[in-house]
Each structure stands twice: as C-alpha cells, then as structure tokens.
Amino acid sequence: ACYFPPGTKGKTFVHDPKVAHETDVRAQIRLQFRAINGEHLAVQRSMACTQKGKTPEFKTLESVITRTKHGEKISLSSKCAEIDREMISALGVSKAVLNNVIFCHQEESNWPLSEGKALKQKFDEIFSATRYIKALEALRQVRLKQSLKVKECQTELKYLKQNKEKAQEIQDHLSNREAQLTASKENVKSIESQLEPLKSSLAAVEQNLTKVMRLDNDVKALESRKRQMEKDNHDLQQKMEKVFQGTDEQLRDRYQNHQRIVKEKEKRLLDYKRDLDRATKECQRYNSEKSELLIERGRLQLQADRHQEHIMTRDSLIQSLAAQLEFDGFERAPFTESHIASFHRLVKERQDRDTEAASRMMREFAQKEAMKQKQIDEIRDQKTGLERTIDLKSDIQNKKQAELKNVKSELQQLEGFSDRVSELDEEIGKTEHELQKAERNSNVETLEREVQTLQNEKINLDKALRRLDQEMEQLNLHTTTITQMEMLKKDKAEKEDQIRKVKSRHSEELTSLLGYFPNKKQLEDWLHGKNKKINQTRDTLANLNKRLASVEYDKTYASNELRKKEDQLSNHEAKLFDVCGSQDFDSDLNKLQDEIEKSSKQRAVLAGATAVYSQFITQLTEEKQSCCPVCQRVFQTEAELQDVISDLQSKLRLAPDKLKSTESELKRKEKKRDEMMSLKPLRRTVLELQDKEIPDLRNQIQNANRDLTSLKGEIEEYESLLQIALSEEEGAKACLQDITLMERYQTDIRDLERKIAQQEAKLLGVDLSRTVLQVSQEKQEKKHFWDTVTGKIELKQKLKQDQQSQIQQLKSAVNELKAEKLQIVSSMQRRRQLEEQTVELTTEVRSLCREIKEAKEQVLPLDAMLDKLQQEKEDLVNKRTASNKETQDKMNAMNEKVKDINKYVKEIENYIQQGKEDYKKQKESELGEVSSQLAACEKQKEKISKEMEMTRQDIDTQKIQERWLEDNLTLRKRNEELKEVEDNIKQLMKEMGEMKVPQMKNEQKRLEEKIESLKRNHHIALGRQRGFEEEIVRFRKELREPQFKDAEEKYRDMMIVMRTTELVNKDLDLYYKALDKAIMTFHSMKMEEINKIIRDLWRSIYRGQDIEYIEIRSDADENVSATDKRRNYNYRVVMVKGDTALDMRGRCSAGQKVLASLIIRLALAETFCLNCGILALDEPTTNLDRENIESLAHALMEIIKSRSHQRNFQLLVITHDEDFVELLGRSEYVESFYRINKNIDQCSEIVKCSVSSLGSYVH
C-alpha cells in the first residue's frame, strides 16, 4: 500500500538534493503484479524532494494504477480514486496484514513481543474482525436503546393506566354533581320567592322605628345639652364678682370702647420695646468696640516692651561673642547699624579660616591611612595564598585517606572469602540434594492424566448444555403466551397481596377514627367534615396570631422607643454634665452669669488702669508734681515720691499680663455660658423624658406583657387542638390513597382473571410437560457442574505449575551459588594489587601532612604583623575622628550664637518697619470717644425701660376689666340658647307620643326571625350550589388536562408499542448471540491453526532445550456478558516447557525474541495470506546463533518446497549474512540473488548474482 519505512517522512527515502547538487530531485516507484482475480496490474507513484533553506521538502506528485483487460490498458489516477484502497482490494489482504506480516521493516519486526495494548491492537487489525465487532456493537446499542424504550414504556404505561382510571372516576363524579346542581337551583328559586314580600314589610317597619329612634336620640341629646348649659351658667356666675345690670346694647358698647383703649396701649408698649431693643444693640456695639480697643492697646504696649528686651539681648550677645573671638570696638552698648555690619563681616572671615584649617588636617590624616591600608593588603594577600595552599593539600589528603580506608576495607573483606568458599560448597551440595528430592516427589504425569479425564468430562457437559439450548429454542416458540399468562397470574397475586396489606395496615386506625372500615366515599365525607373544623380552628388561630403580632409589635416598638429615650436621656445628661460639671443646670448657669459680670468689670478696670497709671507716672516725673494725683496728698520727701513712682511702674508692667489673663478667662466663661444657653432646650427635653415619656413607655410595656401572656396561652390551646385534628386528617388522607388504590386493585383483579382465561384458551392442545423455567434450571445445574469441573482442571494445572516452579527455583538457586563462588575466587586474585596500592597511598598521605605543616608555620608571623598594622590604622582613624569632632563643635557653637544674634536683629527691624508706635497712639484716642458714646446710650436705655414698665402695668389692669365684660356677654348668650333647647324638647316629645312604638317592635322581631330562617336555608342552598359548580368546573378542567384527555386511547397505543418492542428486543438478542458465537468460533479456529503452525516451526527451527514450543494466548474477557458489552481478547506470547507457560516478553534473549517474531509472522502468513503469497523477511538472522540460523534456512527451504506449487507464492529475503544465503542456495529452488552496491558516483546499483558466485565480488 506504498507506506514509507518507519522513522522516515519520505524526504529521507528519496535521493538527497544536497548529495545530487540539485534543488529538485524526482523519484518513482513501479510495481507489477497479478491481482487475485487474475488481472495484470502495474502501479507507480511519483515523488519529488525540493531543497528549501536547510530543510528538504517532500511531496507526492501522482499515483497511477494500470489494468490490462482484453489487451487494452486502463489507467486510474490518484486524482480520481484512492490508490491505497485499490491496492488492498487487488492484493486480497487487509492493510494490517500488509504492514505487519507481509512487509515488516526490521525496526518493527519484533512487534509480537511488544507491550499488551499495542499487541492487542495489531492482532485485532490482523483478524479483520472490525466489521463484525461493529455489527455486534450496533446490535448491542440498538438492543440497549430498545430496552430503555421498554422501560420507558412500562413507566409511561403505569402512569397512563392511572390517568385512564382517574379520568373515568372524574367523569362519574361529574355526572353525579350535575344532577345535584339542578336540584339545588330549584330549591334556591323557591326560597327567593318567599323572601321578597317579607323583606318589603320589614323595610317599612324598620323605617318607622328608625324615625322613632332618631327622635328619641334627639331628645336625649337636647336634655344632656340643657343640663350642661345650666351647669356652665352656674359656674360662670360663681366666677364673676357681680353681674352687669344694664341692657345688652350698653354692655356691647362698653366692651368695644374698652378694647380700643387696650389696643392703643399695647401699640405704645410695642413702640417702647422696639426703642429699647435699638438702644440695647447700640450699647452692645459700643461695649464690643471698647473691649476690642482695650485689648488692642494692651497688646501694643506688650509688643513695645518686648522690642526693648530684644535690643538689650542682641547687644549682650554681640558683646559676648566679640569677647570670645577677641574682636575690638564692641565693649560698650548700644550698637548702631554700622557696628552690627562690621561684626558680621569679622565673624564671616573667622568661619572661613576655621573651615580651611579643618579640611587641611583631614587630608593629612587620609594620606597616612591609605599608606597603612596598602601595607595591610600586601600582607593579607601573602596570608591568603598560604591558606589556599593548605586547604587544597588538605582536600587531597582527605581524598587519599578515604581511598586508603576503602582499600583496607576491601582487603579485610577478602580475608574472610576463603571461609565463604567452603560455606558455598556445602550450600551447593545441600541445594542439589533438595533438587533431586523434588524431582523424585514430582507427580506431573499423574496430574496431566487427571486433567485429561476432567477435560473429557467437560466436553460431555458442553454437549449436554448444547442439547438444553436446543430444547430452550423449541420452548421459546410458545414463550410469549406462557410468559404473558405467568405475568398475569403474578400480577393478580401481587394485587391480592396488596389488598391484604392495605386492610391489615389501616384497619385499626380507621376503626378508631370512624368506628368501622369505610369505603372511599365514606372516608371522603368524613374528611370533608374534619376539614371544615380544621379551617375554623385555623381562622381562630390566625386571628389570635394577628392580635399577638400586633401586641408584640406594640411591645417591641415601645421597648425600642424606651431604649431610644433612655439612650437619649443618658446622652443629654452626659452632655449637660460635660458642660456644667454637675446636674444642677439652673444654679450653675446663674453662678456663671455672676462670674462673667465680675470678670467684665475687672477687665474694664484693668483696661483703663494702663492709661491711668501712665498718666500718673507722667505727672509725677515730668510735671514735677509733689502731690498724689488722686488724693492730692503732698509727699514729704523725694524717697517717698520715688516709692510711689516705682509702685505705679510695677503695677503698670503687670497690668497687660493681668488684662490678658482676665480676657482669656472671660472668653472661656462666655464660651461656657453660650454652650449652656444652647443646652437649655436639651434641659427641657431631659425633664420631659424623666417625668412623662419614659414612665408612659414602661406602663405600655407592662400592659403588653400581660396581653402577651394571655394570648400565648390561648394560642397554645388552639394549636394543640389543631395538631390533633391535623394528625387525624393526615392519617385519614394517607389511608384514603391506599383505599383508592385498593378499589383500583379489585377492578384490576377482575380484568386479570378475564385475561388469564383468554391465555389459557390459546394454550389448549400444547404439550408443556417441561417449562422454560425447568429447562433453564437444569441448564443452570449443568452450568454449575461445568464450572466445578473447570475449577478442578485449573486446580490440577496450578499444582502441576507449582511443582515445576519449585524445581525451577531450586535449579536457579544452584546456579546462583555457583556464580557467587566463581566471583569470590576472582576477587581473591586482586589481593596483591590492593596491598601495593595501600603502601603507595600511605606514602602520599605522609608527604601531604609535612607540606601542610610547613605552610601553617609560615602563616603565624604574618598574622602578628597584620594585627599590628590594623591597630596602627585604627589609632589614626580615632585621632582623625577626635580632631574633626573638636573642630566641628567649636564651629557649631559659633554658628548657633550668630544665628541667635541674626534672629533678634530681624525682630527689631520688623517692629520698626511695621510702625507700631503710631498705631498705639491712634487706638488710645479711639478708646476715649467710644467710652463717652457708651455712657449716653446707657442713660437713654434706662429712661425707656421705666416708661415700658408703667405702660405694662396699665395694660394688665385693663385686661381684668375686659375679662369681666366678656363673661357677662357669654352668660347672656347662653341663657338665650337654653330657652331654645327647652322649646325643642317639648316639640319632640309631642311627636313621639303620636307613634305606637311597642307594636312596631314586636312586628319587626317576628319578621326578622322569619327572614333569618329563610336566609339561613338560602345560604346553605347557595353554598351547596357553589360547591357543586366549583366541583363541576374542576372536574371538567381536569378532564381537559393533557394527561386525562384521550387517556384510554393513549394507554392502548402505549401497550401495543411496549409489546412489539419486547418481541423485537428478543429477536435482537438472538441475532447478537449468533453473531458473537460465530466470531468466537472463527477466532478459536484461526488461533488454533496459527498456534499449530507456530509449534511445528519452533520445534523444527529452535535448537535449544529450555523451550519446547511457543504459542499465542488470547484470553477472552469473561467479566461482562456478551449481550451487554462486546468480548475483548488480551493477546500474549508464551513459551512452554512441560506444562509450564511463561510470558516471553521480558524473559527471553534477543535471539529468542527475533526467532519467535519471525516464526509468528510465518504462521500468520500461512493463515491469512492465501490470496497473496508474498512474504518479505528483513534481516531474519539478527541476534541468532549459527545453529539456529542453519535450522531457519532449512525451515524456509521446507516452506518454499511445500508452497512451490502455489502460483502466487513469492518469498523475499533481505540480509547481509552471505552464509545464510549460501544455505538457502543449497536447495534446488534458489539459483540466484540480487546484490545492492554503490558505484563510483555513490549511486545504488542492483546486480543479479548466481548463488555459486558467493565469496567473490560480481560487478
């Protein structure tokens, strides 16, 4: 089929373009042969190999098959047909036989001994059972599909049967309810005709009674109103001091005049209030301005004092640093701008000189350190070289010592080998004795005879099983009818058993509930009544649960509110405590107001004290007054005057600080007051929570807890009643389903009895002395006996294998002991060589020890010198660090002092540039103006307040008079209304007296009782009617549902489908078994034929005595049924010696492997290549010894001789072994062979040579 050799992809099969020095090389293969139908065929394939870059590219150009028919050539190209398939068809063998048997490359020639999966795949392909296996798989899949369909039909049939019976039941109920509905409608019409006249009479009576009731209610309301009005008038007269005696007109005029006067006075009061608010705002504004000016003046004075302190501090710092640096001209203060500039210049020059000196010193130290480091590095390099030499020689010494140790150890082992040789001689004699004993005790021949007897018995059992299979086939003709009858009887027995089970299961429970065992209708009526009671209990329980949920919600809401209120209260109290420091809010607020007022006065005093003290000091010093500016007391002496001045100056200095602390304290208190004022609503909220809201919520929670306890008790009682009723209803419902099923079973039993009678009628006249079941049981017994015989055979064979294995193990033990003895003898011959090696290694180790010691002695003085140099370098580093630190400390101290001086200089310059002195004088003049405006505003405010108080007292007096006049007007109006009410009562009593109320009430009661009775009957009839209508609608809807619509027809169709599918399934099972059996027979025949050929070839070719013959074992997978899964065969090649068979894979030599693979290919060719007698052997003598090569040549000559009469037989041998060719040439059938050589152009040439010319080169 034109496949390339293994490992090639075509490009290596064609002449390489690089060798040919061409970019494109074309190749062609031609083959001429005779097809199985006798036609002459020629096939050719054209190829091309192109060199593109580094990798050659291969492609097939075209393939053509040429046929010769009646002298005419017909060509078929690969463009029109698949050439590979045409070749396989023409040769008459499968693709697998071509690749693995006829043409098999040397690299793959040992495939019969490959691993299990690959071997199984190749044998499956060779046996060409794929088509039949696919057919089996298709049958199995169809049968499986049909079985699933049968199961689906059975399941569907079960539900369809239930639907059919349910539909019939619904139709019966529907007819019954329609008749009941017609009777109910007639009853409703009769009741409605009686109700109409009674309702009209009752409406007239109720209308009159309603009128009487309305009059009576009006009278009662008027009498109640009259009593209330008399009481109100009496209370009003008691409250008034006296009653106005004038007319109503006079009273109204007086009231209007009084109201006008009050309004005028209220308007005047409002004007006063607006004026007072304006004056208050004005005073507040002036106070604020005054406070701001006082604060600003104190701040400015403090800044002036700080300015003088800065000047003094700057001058003292300059004097100190100048003295330290020995600068001239800075001994006396104060200093001018030129002095300060000169000082900065001198300091800068000194800093530059110090920095340069420090850098020069650091460079000198760095040079000395570099020199020391260079000396250290040189000595360290010498030391490192010596240490590396020591390490290297130490490693060599350790390796030599380890080698010496190993050699000595091996010598010690050899010393004990002489004793081991004598021990081995004893063990060999003992093991050979056990081997002889085992061979004498072996009974392999007896076991073989017993196995043969058992195998004959097994053959007889096989014949009996085949006879029973034939009898089963005869009985299967009537199996369908018998099976149906047995199934019907089985169904009948099952249903009767189900009825007994239902009665025994529910008899006690239903008798306890109803007092008797009911049928379906009786149980449904009882369930209907029980369901009504359950619904009533559920409604009551639902109402109670609603009430419980409402109460729980109220309680939860109240609890949440209480928790929120308590949290709110605690938060508010915490806020009040954080601000006030206690819970007495009002007293703390009043106390804080007093403190603020005191602090305000103290701040005003301190603000004015600065100006007053300054004025006093000026008067006492500059104006040369000798008396006190306050009390005008004259100072007697100058010392007394100076004491007063110094006292005033000290107070003046302290005044700004005191003013600042007083202002900060005042701001803090005012801030606290504002916070407390903002907390006033919070205080009111706290009082409301403590006194009202929280107690109310706690009362609500207590009431809710009482209601919850009561409701939960009622709910538990009703729930227990409901659970009892539900359990009874549930039990009855469970029984209802079984009772319905029981009635259905009774109907089914009647149908089954009828069908059983029909089946028995069909079997009249049929001999059924032995049933399928009896034959099947007998077959099972035979099969069991067959299994027992097979087990005995396997047991005997195992005993035989165990004996053979024991003998083989003893032989192996003898061989191993002999091999160990030979090894010990050869090892003892190495002893002298090891002793010489020991002496040599000892000398080398001593030499290395001496060299390591000398190197270590050279290292010691270098360590001392290195430590000394490192210490000297460290001393230099420490000196450099100390000198650098001292210089840096001096420079840093000078820099810090310069920085402080610059800071004070900058502060002084800022004060002068900002013009703070002029700004201070401006603020003092503004303070005087604001103080005078504030005094005038305070006087205006006091005047308005007095006028407001007088007007307010006058309005209060007028309000009392107005209240008295309003009470008089109200009293007179109520007296008039009282007269009208008395007149209305008299008129209504007169109307009620004219009606006959008792007679109307009696008539109303009589009519209501009669109407109520009719309505009750009407409602009952309507309820029953609605129930009937709902059930009719429900029944009709159910009948229209898909499962009940055409239920009987669907059931019948599904029954037909299931029965026919079951019959088809049985036929498919028979077909499957027949095909599987045919495949098994074919496989067994072929394997027996192949193994017979293999045994003959092996015995004729193989010259060894360890293997009697080889064969291919195909173990069928018996773990699954043939009808469930196709049979699998696991192939293996075994070698047999006696009765022991071992797998050849992994146990045989290379020559045995080659020979076994070659023989198996020859056997397969004999079996499967009847239509194609070609066989190609590639290097068949590889790994074979001379004796087996000669036997192989004789076997091939016998094959050639036996098949020489076959017209299509052709044997191709490819080999390098000229002796093998010469052996083949000794037969009369081989006269020449073909030799392939390379010519001078390195191209292959094929030359035909005579067998007689072997040994010389033929060109």
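## Salt bridges within and between helices

In this predicted model, the side chains of arginine 140 and glutamate 137 meet in a salt bridge with an N to O distance of 2.8 Å; the term denotes a side-chain nitrogen of Lys or Arg within 4 Å of a carboxyl oxygen of Asp or Glu. Both residues lie in helix H5 (residues 130-239), 3 residues apart, about one turn of the helix. Arginine 140 counts as buried at 15% relative accessibility, whereas glutamate 137 is partly exposed, with a relative accessible area of 24%. Buried means under 20% relative accessible area, exposed over 50%, and partly exposed in between (1.4 Å probe, protein chains only).

A salt bridge also joins the side chains of aspartate 1219 and arginine 1186 (3.9 Å, N to O). Aspartate 1219 lies in helix H22 (residues 1218-1225) and arginine 1186 in helix H21 (residues 1186-1202), so the pair ties together parts that are 33 residues apart in sequence. Aspartate 1219 is partly exposed, with a relative accessible area of 47%, and arginine 1186 counts as partly exposed at 37% relative accessibility.

Salt bridges that share partners join Glu39, Arg67 and Glu86 into one network. Arginine 67 lies in strand S3 (residues 55-69) and glutamate 86 in helix H2 (residues 83-91), so the pair ties together parts that are 19 residues apart in sequence. Glutamate 86 counts as partly exposed at 25% relative accessibility. A search of the whole structure finds 23 salt bridges.

## Overall organisation

The secondary structure comes to 22 helices and 11 strands; these are DSSP runs numbered from the N terminus, with helices (H or I) of at least four residues and strands (E) of at least two. Of the 1259 residues of the protein, 32% count as buried. Among contacts with a separation of 6 or more, 77% are between residues 24 or more positions apart, where contact means heavy atoms within 4.5 Å.

Lysine 399 lies in helix H7 (residues 337-415) and is exposed, with a relative accessible area of 62%. The C-alpha atoms of lysine 399 and valine 845 are separated by 9.4 Å, although these residues are 446 residues apart along the chain.

On a 1 Å grid over the protein atoms alone, a cavity is a set of points where a 1.4 Å probe fits but cannot get out, and lining residues have an atom within 4 Å of a point. The second largest cavity has a volume of about 70 Å³, a volume being the space filled by probe spheres set on the points, which are joined across faces, edges and corners.

The residues lining the second largest cavity include Leu1162, Cys1169, Ile1174, Arg1203 and Phe1209. Helix H20 (1150-1168) and strand S8 (1173-1178) are the elements that give two or more residues to this lining. By class, the lining has 8 nonpolar, 1 polar and 2 charged residues; Ala, Val, Leu, Ile, Met, Phe, Trp, Tyr, Cys and Pro count as nonpolar, Asp, Glu, Lys and Arg as charged, and the others, Gly among them, as polar.

## Confidence and conventions

The mean pLDDT, the predictor's confidence in each residue from 0 to 100, is 77, and 88% of residues reach 70 or more. Over residues 1118-1124, pLDDT stays under 50, and the model has 11 contacts beyond four places in sequence for this segment. Where pLDDT is low, the predicted coordinates should not be read in detail.

Residues are numbered from 1 along each chain as its sequence is written, and side-chain values use heavy atoms, with hydrogens and water left out. Local features need pLDDT of at least 70 and side-chain atom pairs count only at pLDDT 80 or more, while totals for chains, interfaces and linings use all residues.

How values were computed:
On a 1 Å grid over the protein atoms alone, a cavity is a set of points where a 1.4 Å probe fits but cannot get out, and a pocket is an open set with protein on both sides within 12 Å along at least five of seven lines; lining residues have an atom within 4 Å of a point.
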